[in-house]
Amino acid sequence: MFKAAAAPPKIVGSILGPELPGQRAADAPGIVALEVQDLFPEIPEKIYLPGDDLAAVRQAAEKALAGVDMSMIKPDDKVNLLCSEHGFSILEGDPYAEMLKTIKDVVEARTGCRNIRLRFCVGGGMIEAREMIPHYKLDEYFEGRVKATGPLDRGVAIETEIGTLYGLARVFDGDWIIHAHYDDPREVYFHRLIYRTLKAFTMSYARFETRSVYHMNFGPRSSNIVPRAIFDSPFVQEKFAFVASLVTSPAGITGVDADNDLYDLDRRLTANLLRSFGKLMRLFAEIDECIAVLEAGRWPWYHHAGGLTSGNLFKGHIDYLDLDVGPARKKGGVLYNQAVKALVINYSWREFFQGLGFWYPLIITNRKVAQGLPYRLVSRATVTDNVPEALDQARRIAGTDKIIVFDGSYGWINLSPSLGEFFLAKAPEVGRRVEEELLPKWLRQRGIDPDNI
């Protein structure tokens, strides 16, 4: 079942991270690759992984957009195509960029409108935009009509059913908006996969004050009322044209979906995520002990292994897909997955480690990586000279040789043979339990009939 460790996706370098690693964990002795379809053969087949022809993504987007009504867009209108920087963390970012470019080309061809402006929405500062826009040649492709915007930019008041909220003026300064989404299951412990497709209307398209309402004033389930209130407002509804989204499974990019009805598309994407990733999430929850290696671009909670982000391991002790299950609290509950016995850092952006540095023993692979990370993290860590030494040190500290590598991969998981054997032994029962018991429950909890998906 095991193959030689697979070459992981390239890391897109950033000033927000340390120097790019000279060695990847996949090159270290004792690391092999396990294909996700060896665990769950029914996982939908990919149409794209790095190295494949991006034409498959373009063709999928063209096919999806063929069923979308664009008649509201006139040649002289201003159209804002809204993207979020997290979409570029999936498989080197090229599939998301290709979908954006295809949307532009199709809208121009069908409507005669040439004034399609890309609004590049960031979660914090503008560094991501300044780096990613030229890297993916977006400014060139959109002929200079690209503007970055973030949560501290000028706002616009939006009257909603829960009061006045504030969107970003630059997002909504066009006649029409197109929502460009991506469906990897990140932050399930926040949004609980409730209207996940709408989350960007708070976390990407809104001012900081409104984002704070989402994070601070509501719990991880009730907070989902905030993006719904913004999207359902007359102000946004008068501008909304359609939504298009990358569709993924643990195997890779599986297609593109698009619709004029955001709620219809959200139901389809929700069913896809529950079916495609639910089994892998519950398999990760079975891990009794492991060492996690972080080695991909972006923040430490968002690195992929088999398409599943690292945050789903750190929070994996709780089934956040089950809406009958409440979140862990500081009193009376454990906030983190105690099965993770050590954390090896070979590359990650330097902030948003949050509790990771206090929850787990830290091993940093070399001093150049350490120099690019916060002192408060490095001061608690063991710094080694290279990746093999870091893994050996982690084995001694953790008392286990079960290793999982979050290196940005889809299609396979780079890991140690002992963890691979553990996964293979657990997968049949996990698959049965999800298919027969959990998946129907998860779907019904979200108002989706399991017989109609």
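Tutor: On a 1 Å grid over the protein atoms alone, a cavity is a set of points where a 1.4 Å probe fits but cannot get out, and a pocket is an open set with protein on both sides within 12 Å along at least five of seven lines; a lining residue has an atom within 4 Å of a point. Grid points are joined across faces, edges and corners, and a volume is the space filled by probe spheres set on the points. The model is predicted, with local features requiring pLDDT of at least 70 and side-chain atom pairs pLDDT 80 or more, whereas totals for chains, interfaces and linings use all residues. Residues are numbered from 1 along each chain as its sequence is written, and side-chain values use heavy atoms, with hydrogens and water left out.

Student: How many cavities of 30 Å³ or more does this rule count?

Tutor: The count comes to one. The volume of the largest cavity is about 60 Å³. Its lining consists of Val188, Tyr189, Met281, Arg282, Gly311, Asn312, Lys315, Gly316, Ile318 and Tyr320. The elements that contribute two or more residues to this lining are α6 (188-191), α11 (262-285) and α12 (311-314). Such elements are DSSP runs numbered from the N terminus: helices (H or I) have at least four residues and strands (E) at least two.

Student: How is the lining of the largest cavity divided by residue class?

Tutor: Ala, Val, Leu, Ile, Met, Phe, Trp, Tyr, Cys and Pro count as nonpolar, Asp, Glu, Lys and Arg as charged, and the others, Gly among them, as polar. On that basis the lining of the largest cavity has five nonpolar, three polar and two charged residues.

Student: How much space lies in the second largest pocket?

Tutor: The second largest pocket holds about 250 Å³. It is lined by 23 residues, of which Val12, Phe88, Ser89, Gly297 and Arg298 are the closest to its centre. Helix α4 (residues 127-135) gives the most to this lining, with three residues. By class, the lining of the second largest pocket comprises 10 nonpolar, eight polar and five charged residues.

Student: In what order do the six strands of the open sheet stand?

Tutor: Strands of a sheet pair through backbone hydrogen bonds, either parallel or antiparallel. Here two strands are taken to pair if DSSP finds at least two bridges between them. The order in the open sheet is β5-β4-β3-β8-β9-β10, with mixed pairing. Its edge strands, β5 (146-149) and β10 (252-259), each pair on one side only. Direction ignored, neighbouring strands of this sheet are turned by 20° against each other on average. Strand β9 (residues 240-249) runs antiparallel to β10, and seven bridges join the two. Gly255 in β10 is the bridge partner of Val247.

Student: Which helix packs on this sheet, touching β9 and β10?

Tutor: Contact means heavy atoms within 4.5 Å. For angles, axes are lines fitted to C-alpha atoms, for helices over the stretch in contact, and the angle runs from 0 to 180 degrees between N-to-C directions. Helix α2 (residues 55-65) is the one, and its direction makes about 25° with that of β10.

Student: What joins strand β6 to strand β7?

Tutor: Six bridges join β6 (residues 155-160) to β7 (residues 163-168), and the two run antiparallel. They form a hairpin with two residues between them. Within this pair, Ala157 stands opposite Tyr166 in β7. Elsewhere, β2 pairs in the antiparallel sense with strand β18 (residues 412-415) over four bridges, and Glu35 stands opposite Trp412 in β18.

Student: Is Ile11 buried or exposed?

Tutor: A residue is buried under 20% relative accessible area, exposed over 50% and partly exposed in between (1.4 Å probe, protein chains only). Ile11 counts as buried because its relative accessible area is 13%. Ile11 is found in the loop between β1 (3-4) and β2 (32-35). Beyond its neighbours within four places in sequence, Ile11 is in contact with Leu20, Pro21, Arg24, Glu295, Ala296, Gly297 and Tyr347. The C-alpha atoms of Ile11 and Asp407 are separated by 8.6 Å, although these residues are 396 residues apart along the chain.

Student: What is the phi of Leu91?

Tutor: Leu91 is not a glycine, yet has a positive phi of about 50°. Leu91 lies in the loop between β3 (79-84) and α3 and is buried, with a relative accessible area of 2%. Glu187, also a residue other than glycine, has a positive phi near 55°. The place of Glu187 is in the loop between β8 (176-181) and α6, and Glu187 is buried at 11% relative accessibility.
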